[in-house]
Amino acid sequence: MPKNKKRNTAHRGGSGGGGGGSGADAGTATTAGGQHRNIQPFSDEDASIETMSHCSGYSDPSSFAEDGPEVLDEEGTQEDLEYKLKGFIDLTLDKSAKTRQAALEGLRSALASKLLSEFLLERRMTLTDSIERCLKKGKSDEQRAAAALASVLCVQLGPGIESEEVLKALGPVLKKIICDGTASIQARQTCATCFGVCCFIATDDITELYAALECLEGLFSKAGLKDKDALGPGGGLPVSALLAWALLLTICPAGELKKRLETHFHKLPSLLSSDDVNMRIAAGETVALLLELARGMESDFLYEDMESLTEMLRALATDGNKHRAKVDKRKQRSVFRDVLRAVEDREFPAETVKFGPERMYIDCWVKKHTYDTFKEVLGSGMQYHLQSNEFLRHVFELGPPVMLDAATLKTMKISRFERVGCTLCRPRAARPFCRPGFGGLGGSLTRTRLRRRLAEPRGVRGSDADFSPYPVTLA
């Protein structure tokens, strides 16, 4: 029998001799009809398009994103999830770039939504090799997906030997892409964020931290901004580099932090005049962050050109230029009002983040910047990781994870009527009439009466008794 026929027979039957690989070594995939088929692992010698066509069931990350771990918790088991993730890992070796990208996105979505420490420890080296291969040989979209997966992988592993080895393997590749002027701007942007997050988690050597800071400093400096193409969608490369640089400064020793402030703080006001709104906002938040760090070391720290900086911040907080979009101006004014308050009065607008039965108070710029960075990496899985991820709970000083049974969680849930408060009243004029503490029911009655009143013809309006949310007694 010819050699090629032997390979086809071995692939289709899952057993048999020849050089095509045995069925015992093949993986299995579940098709749309629920049938199990054998998959030959990728090889440059004997893989073919026909072989990989059986893997298409894993190539759509939406299959995990839509079902999610919640469905698996209710309808399946942990083995079902791990089986699916093994299929994604196998598909990172596929010949098709789209299939590899979809597998990387599926893995990122899974790791952002559920803690899988034991599963990752067993397959860390395999997954790291796959990410490195995709970063080196992939194009823009595949590199972005691989960098995003690397960030979530380090968040899952936390600080330790495992994450240090991941950074040691991927760090040089990430730096090469970041500094490569011929690479895609979007890929460089994602790699800059990934590099900053991975260094924040895994860097143990202080010299590696300083090298990472120097790499990022050249991207947002005045020389780096001369490249107009660097300002792509969403702010571009200099914005991501500046935010990653600021994140790493929060873990710098005091002596090195003081040296970086003296070298780079005077460069930030020039970034406030950038044409890109995201760069202006990132520069303003970085100014507030660095001033907070500097005042933490020296309470009487004073920037030599503070008056000029304050005037620039006040102008941005009241910007009304007509050539700028209304959405951009609104967002910019909101941010720079807080920045101006931090510079002048050393105040921070405290925020509260709710996740499950717990609350986290963001009361400083360092915590806000750290939270925003990890929220960008984890997306909708941020709340889950705040509840369960020991590393993130340590970063935000939340203590060990709170263990609650299903019955306790059910009793702590708020009803729909209690969740719908008076702040949802539409139009805004109805809000003053909502009785405090009356919950969503009072707001609903008020909204209904007000809408009925406004919908009536002008000469047929009801009385104030019809409009009032308070009980009315008729004599």
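Which helix does His 369 lie in? I looked, and His 369 belongs to helix 17, residues 365–378.

**Ground rules**

I am working from a predicted model, where local features need pLDDT of at least 70, side-chain atom pairs count only at pLDDT 80 or more, and totals for chains, interfaces and linings use all residues. Residues are numbered from 1 along each chain as its sequence is written, and side-chain values use heavy atoms, with hydrogens and water left out.

**Whole chain**

I found 23 helices and four strands in the chain. Helices (H or I, at least four residues) and strands (E, at least two) are DSSP runs, numbered from the N terminus. Of the 475 residues, 43% are buried; buried means under 20% relative accessible area, exposed over 50%, and partly exposed in between, with a 1.4 Å probe and protein chains only. I also checked contacts (heavy atoms within 4.5 Å). Taking those between residues at least 6 apart in sequence, 61% join residues at least 24 apart.

**His 369**

I noted that His 369 is buried, at 12% relative accessible area. Its side chain reaches the backbone nitrogen of Leu 247 at 3.5 Å. Setting aside neighbours within four places in sequence, I see His 369 in contact with Leu 243, Ala 246, Leu 247 and Leu 289.

**The nonpolar core**

Next I looked at the largest nonpolar core, which has 110 residues. Such a core is a set of buried Ala, Val, Leu, Ile, Met, Phe, Trp, Tyr and Cys residues joined through side-chain atoms within 4.5 Å. Helix 14 (residues 277–297) gives the most to this core, with twelve residues. Among the residues with the most contacts inside the core are Ile 131, Phe 265 and Phe 374. I followed Ile 131: not counting residues up to four places away in sequence, Ile 131 touches Ala 146, Leu 149, Ala 150, Leu 153 and Leu 170.

**Gly 106**

Leu 149 came up again here, as Gly 106 and Leu 149 are 43 residues apart in sequence and 9.3 Å apart in space, C-alpha to C-alpha. Gly 106 lies in helix 5, residues 97–113, and is buried with a relative accessible area of 0%.

**The hairpin**

How do strand 3 and strand 4 pair? I found strand 3 (residues 351–355) and strand 4 (residues 358–362) antiparallel, over five bridges; two strands pair if DSSP finds at least two bridges between them. Glu 351 has Ile 362 in strand 4 as its bridge partner. The two strands form a hairpin with two residues between them, and Gly 356 in the turn has a positive phi of about 65 degrees.

Key
Polar contact = N/O pair within 3.5 Å; in protein donor to acceptor, adjacent residues only side chain to side chain.
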